[in-house]
Amino acid sequence: MKRLLSLCLLIASGCSQPVAAPPAAEPEALSRTEFTQRVENYFEYEPLHGGKASPFRIHLTDLSDGSPVEQAEVSLTVRPKGSTETVTQTVSKVGKVAGIYVAELSIPRSGDYDIEFHIKNAKLDEHMPLSDFKVE
């Protein structure tokens with residue numbers, strides 16, 4: 001009986017596999033919706049960390065007719081909060097879907113920042129200065 005119990009324990013312990021660690025959770029995306037008289041700008045981005053690139057997914061709608069803003073050059077200019085000094089600037093790429101643009105921002109240092117979106121195409125030339133961006 002002892003021998004059978006030992007054999008069962010030996011077999012059972014050999015069948016167990018190491019438990020894999022759960023995959024690292026992706027950072028939760030932040031989002032904001034902002035408006036000018038002419039444009040709705042809904043954008044999502046990962047939490048900002050100094051020296052690390054963060055993707056921005058920008059969804060633009062022309063409020064005059066509700067259509068996606070197409071074929072625009074969308075630039076993002078980053079400045080320390082309340083300053084006119086540019087820390088970094090990037091131009092987005094046109095996404096696969098009309099009205100969607102993708103940009104990557106890498107802000108070198110932690111702190112509080114303003115980001116200005118400049119949206120320009122044949123129909124629009126909009127500046128959208130936004131504040132309250134925290135970089136860890």
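**Figure 1. Aromatic pairs in the predicted model.** By the ring rule, under which rings of Phe, Tyr and Trp (its six-membered ring) pair if their centres lie within 6.5 Å, the count in this predicted model comes to 6 aromatic pairs. Residues are numbered from 1 along each chain as its sequence is written, and side-chain values use heavy atoms, with hydrogens and water left out.

**Figure 2. Y45 and F133, a tilted pair.** The ring centres of Y45 and F133 are 5.7 Å apart and their planes stand at 50 degrees, so this pair is tilted. The pair links distant parts of the chain, as Y45 belongs to strand β2 and F133 to strand β10, 88 residues apart; strands here are DSSP runs (E, at least two residues), numbered from the N terminus. Buried means under 20% relative accessible area, exposed over 50%, and partly exposed in between (1.4 Å probe, protein chains only). Y45 counts as buried because its relative accessibility is 7%, and F133 counts as buried at 1%, as does F43 at 0%. F43, Y45, F56, F117 and F133 form one aromatic cluster.

**Figure 3. The largest nonpolar core and the surroundings of L76.** A nonpolar core is a set of buried Ala, Val, Leu, Ile, Met, Phe, Trp, Tyr and Cys residues joined through side-chain atoms within 4.5 Å, and the largest one here has 26 residues, with F56, I58, L76 and F117 having the most contacts inside it. The elements that give two or more residues to this core are β2 (39–45), β3 (53–62), β5, β8 (100–106), β9 and β10. Leaving aside neighbours within four places in sequence, L76 is in contact (heavy atoms within 4.5 Å) with residues including F56, I58, A103, L105, I115 and F117.

**Figure 4. An open sheet of 4 strands.** The strands follow the order β6-β5-β9-β10 with antiparallel pairing, where two strands pair if DSSP finds at least two bridges between them. The edge strands, each pairing on one side only, are β6 (88–91) and β10 (125–135). Strand β5 (residues 73–80) and strand β9 (residues 111–120) pair in the antiparallel sense over 8 bridges, and the bridge partner of P80 in β9 is Y113.

Notes
Predicted model: local features only at pLDDT ≥ 70, side-chain atom pairs only at ≥ 80, totals over all residues. Phe/Tyr/Trp six-rings, centres within 6.5 Å; stacked < 30°, edge-to-face > 60°.
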